[in-house]
Amino acid sequence: MRKDKLLNFLINQTDFFDPQQVSEVFTAAWLAQRFAMQRNTASHYLNQLVVQGELIKINGRPVCFLHKASFEQQFFPLSRNEYASVAELLAEEGEPAPQADHFALLIGHDGSLKKPIEQLKTALFYPDGGLPLLITGDSGTGKSYMAQLLHEYAIGQQVIAPDAPFINFNCAQYASNPELLTANLFGYVKGAFTGAVNDRAGAFEAAHGGILFLDEVHRLHPEGQEKLFTWLDRGEIYRLGETAQGQRVQTRLIFATTEEVHSTFLITFIRRIPIQVTLPDLASRSPQEKQALMMQFFWREAQKVGGRLRLSPRLITALGNHIWRGNVGEMKNAVKYSVASAWARQRNRETIEITLHDLPETVMAQLPAIEETQAEPLVIDRTVALPWLLRQQDSARLLIQDAQLGVLSLFESWRSGKLTWEEMEKRMGNEIESLFDQLIFTHRDQQESSMLLLTSSQVREAFYQLEKRFSLQFNGNCIYALSHYLLHRASETPARLNAELIRQLSHSLEQRYPLLCGFCHEVLAAVTHKLDLHPQRIDALLLILWLQKTGVLSQKQVTRAVILAHGYATASSIANVANRLLKSNLFESFDMPLDVTPEAIASEVMHYIERNALASGLIILVDMGSLNAIYQHFHRHITTPVAIINNVSTRMALYVGERILRGDLPEAIVSDVAEDLPVEHQLIWPVRNKPRAIVTTCATGLGAANNLSALLKASIPETLAIEMVACDYSSLTDRAQREPLLARYEVLAVVGTIDPHLPVPWISLESLISGTGSATLRALFGALTSAEQVEEINNQLVKNFSLRRVIESVTILDTSKVINQVEQFLLRYEHLAGLRLTNDRKVALYIHISCLIERLIRQAAIQRYSGTQRPSQQLNALREAFSVIEASYSVKIPDAELHYIHDILHRETEFIPSDQAF
């Protein structure tokens, strides 16, 4: 058999397993090729051997399989059959073997039975012999089974001895004879009644050191319940006929009943039982749990008949839709009956076909209309272990775990240098997109539609609330995809994944996308709290990567505004009117009591600042002059300008709101508001923690400066939180205009073509292109980040600030043609002027003339030169050299432009008017 060949091959190969360099011979793909079988067939056989305990599975990429016994002989004993990575496998060396948890194999242990199991464990582990407990539930819900399972679990956890007894005592048998109940429960002494010729121990003493299970305890009369008080109170029992001295019995007591507790039992009895466990009926359990139970029962019958069972889709549907009034017990009997019916007709067949006709009459009588289905028959093989069978039926779980493993495997490839970050991120996005598509389009369940609607509404609400706070915007499809993921994820047991790898991936994403990470964590926190979910760290990582792939958009960073006013609803009224008229939720309102202190108001403002990205700044409109004093309590904590304007009114709010929507900054608004309205105002600049910035400027105007900012932004990681600010040259040389810039930002450097002589490092564009300017930037970044990231920034600068890349960014013309034309101009000018230009001046001319050509084509050439006029003969060589460009582009260069070229050649740079910038 081919499965045996796979096993024998891996037995031999595992002896040569090298954890440091895992060979491909342990992968399903290689094994399938080696033994000439389909890959999915090989995977099926290998996974069967895993659940049978023959192999261990390492869930990396690719997945590997090793022979367990051979590995243990070569290395060390193993506690389980599946590991998230080779590192996790090796980490088990020296670890104590985990204690068995019998409840982990119980269907519903992480769902409908989670709370009952927690209560059972609570009673078991309580000091001094545990606590008595009462299990309630309808007939057939599994009360006796849970009691027996608790006994096995207690032995596994070494709470009781391996040979500790489990005594099942059915009280219904003695309901009409209290004396017989007492004799059998507590025992009796010789002579206690006629026929008592010897002392005899009862159920309590038989259960010493173990568990006594009193089933159908509601059949006890009040006198019978009272007879249990002595043991419940003091841990002692008296045999029938014994009065002198009781006997101490160490046992754990479990009661079970199908009846309502308070109407059946004495109050004095119930208060002596601190833990009451209620088992759910089958109707209240999830469809997934009901199908798993059905599969379990069929699998057990397959073990008995010794063959394979083939279940028709209609049979599965009928059993899944039936209302089981006898709960799990009735379902178990129906499955047993249907297998027995089919077995009687097909005893000699290897595969037994089970159809609707094999169901009991009671089930057939209630059979609803069954819709047409395209589902395949389900084959249950007795050689396949039950956990594997159940897992294979849960395809959504397999999809989710496979995607999680895929993401972590790709991150491991990036760490080992096999992938770039961009390649890794793209492939991760594709992996998650494929997962979401399959969850949405191939796992639709009508019974989940109401839960999907609820989940979608909560996700949508969280998105809308947080998008405003974080100044982010997402594609609306993200909401639907995340809702489906959370819906399927809610019922899943968390996969065993490499926690250290998850931590490192989380750290890397937070370094690169801090704003997006904060958004995703808050979305999940808000949604899971409302929907009672328990997300794992990997869920947040998938959401971050998914949103990054779909395209997170940074909304325009506008100034925010707050209205503070005394009174019950003064601020709210003004804000409501202004927001409605402006058609934008621009103003936030804070209504203040008359006796509120400035400290309390400042605290509200600080809380608002912490919850909202202030972007360009904050404008606070107040109703009294006294509120102006609040700035003293928070001005040291702000990072952007804050303007406080007195005497708020609806008119003022509308004026300020219109200016904000136009994109005006707080300093511009506050300087103009006093001219238009008779109000007092204050402008508070940040003292510390100002945002860092690099300023760009260019001789050709603001447009080229913006392009330079874009190149720098592409070169410097977002994690450094450095803004790129484009400024025209005049605003930098004018002291009054540059003061707001220096007050708003911690300016690290100025990059451009003209030095504005600010008190910060200057880096010329030509030095960046030639490479000499990168040393200055490296020195700046060295104080802000690690040496590795500085090197990464330098590599990006080299890539983005090549001459061709810069020219492409500042002009829309054909870059190759422009470079060729400027090169001809430089060669001709050097020949005519009889000089050789330095490289830095050539670079500056390449950029300047590229922009000049575009201005000439657009008929936006500079016509006025603001510097000292040169004699015409000094410009003749330039004019003649430029003729090659004039002829090529059919343009005419004015003398003012020639003067600026002359200045660059001789480093006598002057400002080119900003209104001439393209």
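Predicted model: local features only at pLDDT ≥ 70, side-chain atom pairs only at ≥ 80, totals over all residues.
Residues are numbered from 1 along each chain as its sequence is written, and side-chain values use heavy atoms, with hydrogens and water left out.

**View 1. Glu791, a residue of helix H35.** With 35% relative accessibility, Glu791 counts as partly exposed. Its helix, H35, covers residues 787–800; helices (H or I, at least four residues) and strands (E, at least two) are DSSP runs, numbered from the N terminus. Phe781 is 10 residues away from Glu791 along the chain, and their C-alpha atoms are 9.8 Å apart.

**View 2. Helix H41, largely enclosed by the rest of the structure.** Of the 11 residues in H41 (residues 895–905), 10 are buried, so the helix is largely enclosed. Among the buried ones you'll find Glu897, His899, Tyr900 and Asp903.

**View 3. An open sheet of five strands.** Read the strands in the order S19-S18-S20-S21-S22, with mixed pairing; two strands pair if DSSP finds at least two bridges between them. At the edges sit S19 (587–592) and S22 (681–684), each pairing on one side only. On average, neighbouring strands here are turned by 15° against each other, direction ignored. S18 (residues 560–566) pairs with S19 in the parallel sense over six bridges, and Ile563 stands opposite Ser589 in S19.

**View 4. Helices H26 and H28 against the sheet.** H26 (residues 570–582) lies across S18 and S19, running at about 165° to S19. Angles run from 0 to 180 degrees between N-to-C directions, and axes are lines fitted to C-alpha atoms, for helices over the stretch in contact. H28 (residues 650–661) packs on the sheet too, touching S18, S19, S20 (618–622) and S21 (642–645), and its direction makes about 175° with that of S20. Contact means heavy atoms within 4.5 Å.

**View 5. Helices H23 and H24 crossing.** The axes of H23 (residues 499–512) and H24 (residues 514–531) come within 5 Å and cross at roughly 120°. That makes H23 oblique to H24: under 35 degrees counts as roughly parallel, over 145 as roughly antiparallel, 65 to 115 as roughly perpendicular, and the rest as oblique. Leu509, Glu510, Gln511 and Arg512 in H23 meet Pro514, Cys517 and His521 in H24.

Methods: Buried < 20%, exposed > 50% of the residue type's maximum accessible area, 1.4 Å probe, protein only.
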